[in-house]
Amino acid sequence: MGRIKLYEEVIAAGEDGRHRPDALKELDQLKRLLDEKLGLGLREVDERIRQPGANREFGLVLGVLKEARDRWATRDWTKAIDERIRNAEKQAQESYAAVKNQALEAFRAGRMQEVAEHRAQITRWSLPVLLEDLDAALSSAKASADREKTLASSREPTLFASGWR
């Protein structure tokens, strides 16, 4: 990449016209070589995230992508990796929304084994922020259910007593 910048500077300066065609040719070859290397690198990264992605191991996928992001300091590489990161994050969020709703529905219905299975599924994704969010949502749902029980039990004597009047 440093060589590409050097050739671009030589061409832009235009100081020596007789070397310009050679510089353009060298620059073109270097850019093609870089494109090939970037393509190979992206295919390697895609291969490394293929199976974890299929298994919905989002934390592993994002870890590989974030590590790969620093491999090449080029706009094309960074753009391609960032796009993959955005896609993985979007897939994780969409999957999480569905599993979270299922877990909350199971909790409200008292199916605690199912809640535990959904929580274990999210744990396997290796994204602590999602697990923390699920735990907070379940805690909130429990607090809400406890308040409902308290309200219902506090109304019971009043309802019962009103029947005796």
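N87 is found in helix α4, where helices are DSSP runs of H or I of at least four residues, strands are runs of E of at least two, and both are numbered from the N terminus. The model is a predicted one, in which local features need pLDDT of at least 70 and side-chain atom pairs count only at pLDDT 80 or more, while totals for chains, interfaces and linings use all residues. Residues are numbered from 1 along each chain as its sequence is written, and side-chain values use heavy atoms, with hydrogens and water left out.

With a relative accessibility of 46%, N87 counts as partly exposed; buried means under 20% relative accessible area, exposed means over 50%, and partly exposed lies in between, with a 1.4 Å probe and protein chains only. The C-alpha atom of N87 is separated by 9.9 Å from that of L62, a residue 25 positions away along the chain.

A92 also has its place in helix α4, but A92 is buried, at a relative accessible area of 3%. Neighbours within four places in sequence aside, A92 is in contact (heavy atoms within 4.5 Å) with F58, W125, L127 and L130.

## The packing of α4 and α5

Two packed helices are described by the angle between their axes and the distance between the axes. The axes of helix α4 (residues 75-108) and helix α5 (residues 112-124) come within 8 Å and cross at roughly 160 degrees, which makes α4 roughly antiparallel to α5. Axes are lines fitted to C-alpha atoms, for helices over the stretch in contact, and angles run from 0 to 180 degrees between N-to-C directions; those over 145 degrees count as roughly antiparallel.

On the α4 side, Y96, V99, Q102, A103, A106 and F107 make the contact, and on the α5 side M112, E114, V115, H118, Q121 and I122. By class, these residues divide into eight nonpolar, three polar and one charged, where Ala, Val, Leu, Ile, Met, Phe, Trp, Tyr, Cys and Pro count as nonpolar, Asp, Glu, Lys and Arg as charged, and the others, Gly among them, as polar.

## The protein as a whole

The secondary structure comes to six helices and zero strands. Of the 165 residues of the protein, 30% count as buried. Among contacts with a separation of 6 or more, 54% come from residues 24 or more positions apart.

Methods:
Parallel < 35°, antiparallel > 145°, perpendicular 65-115°, else oblique.
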